[in-house]
Amino acid sequence: MNDPGLDEPIQQTSKNVEQERKDELDFKKEDEQAFLNPSRWWFASTAFPLLAVRLFRNIMKMED
């Protein structure tokens with residue numbers, strides 16, 4: 001049974017639900033990125049220089 005005049009409100013509600021779902025996914029992605037940024041900063045500012053020094057020392061030992 002099709003009720004005349006209900007197709008448009010149903011389609012609009014469907015679009016609204018889809019948009020809300022997309023907004024929730026975008027928020028989750030942003031939240032995840034905000035969580036990962038400090039660990040990336042730690043890696044870039046601490047771990048990378050430590051590894052570089054370690055490799056440099058190993059290279060210097062090989063030359064001796």
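Reader: Where does K29 lie?
Author: K29 lies in helix α1. Helices here are DSSP runs of H or I with at least four residues, strands are E runs of at least two, and both are numbered from the N terminus. This is a predicted model, where local features need pLDDT of at least 70, side-chain atom pairs count only at pLDDT 80 or more, and totals for chains, interfaces and linings use all residues. Residues are numbered from 1 along each chain as its sequence is written, and side-chain values use heavy atoms, with hydrogens and water left out.

Reader: Is K29 buried or exposed?
Author: K29 counts as exposed, because its relative accessibility is 58%. The cut-offs: buried is under 20% relative accessible area, exposed is over 50%, partly exposed is in between (1.4 Å probe, protein chains only).

Reader: How far apart are K29 and I10?
Author: Their C-alpha atoms are separated by 29 Å, with K29 and I10 19 residues apart along the chain.

Reader: And N16 to K61? What's the distance in space?
Author: 65 Å, C-alpha to C-alpha, for 45 residues in sequence between N16 and K61. N16 lies in helix α1 too. N16 is partly exposed, because its relative accessible area is 39%.

Reader: How many helices and strands in the protein?
Author: The count is 1 helix and 0 strands. Helix α1 covers residues 7–63.

Reader: What about overall dimensions?
Author: The C-alpha trace spans about 90 × 20 × 10 Å along its principal axes. The radius of gyration is 27 Å, whereas a compact globule of 64 residues would have one near 11 Å. That radius is taken over C-alpha atoms, and the globule rule is 2.2 Å times the number of residues to the power 0.38.

Reader: How much of the protein is buried?
Author: Buried residues make up 2% of the 64 residues.

Reader: Switching to the surface. Which residues form the nonpolar patch?
Author: W42, F43, F48 and L51, with about 470 Å² of accessible area together. Areas come from the Shrake-Rupley method with a 1.4 Å probe; for residues, only the protein chains shown count as cover. Patch residues have over 30% relative accessible area and no salt bridge; like charges are joined within 9 Å, and nonpolar side chains (Val, Leu, Ile, Met, Phe, Trp, Tyr) within 5 Å. A salt bridge is a side-chain nitrogen of Lys or Arg within 4 Å of a carboxyl oxygen of Asp or Glu.

Reader: Where is L51 placed?
Author: In helix α1. L51 counts as partly exposed, because its relative accessibility is 48%.
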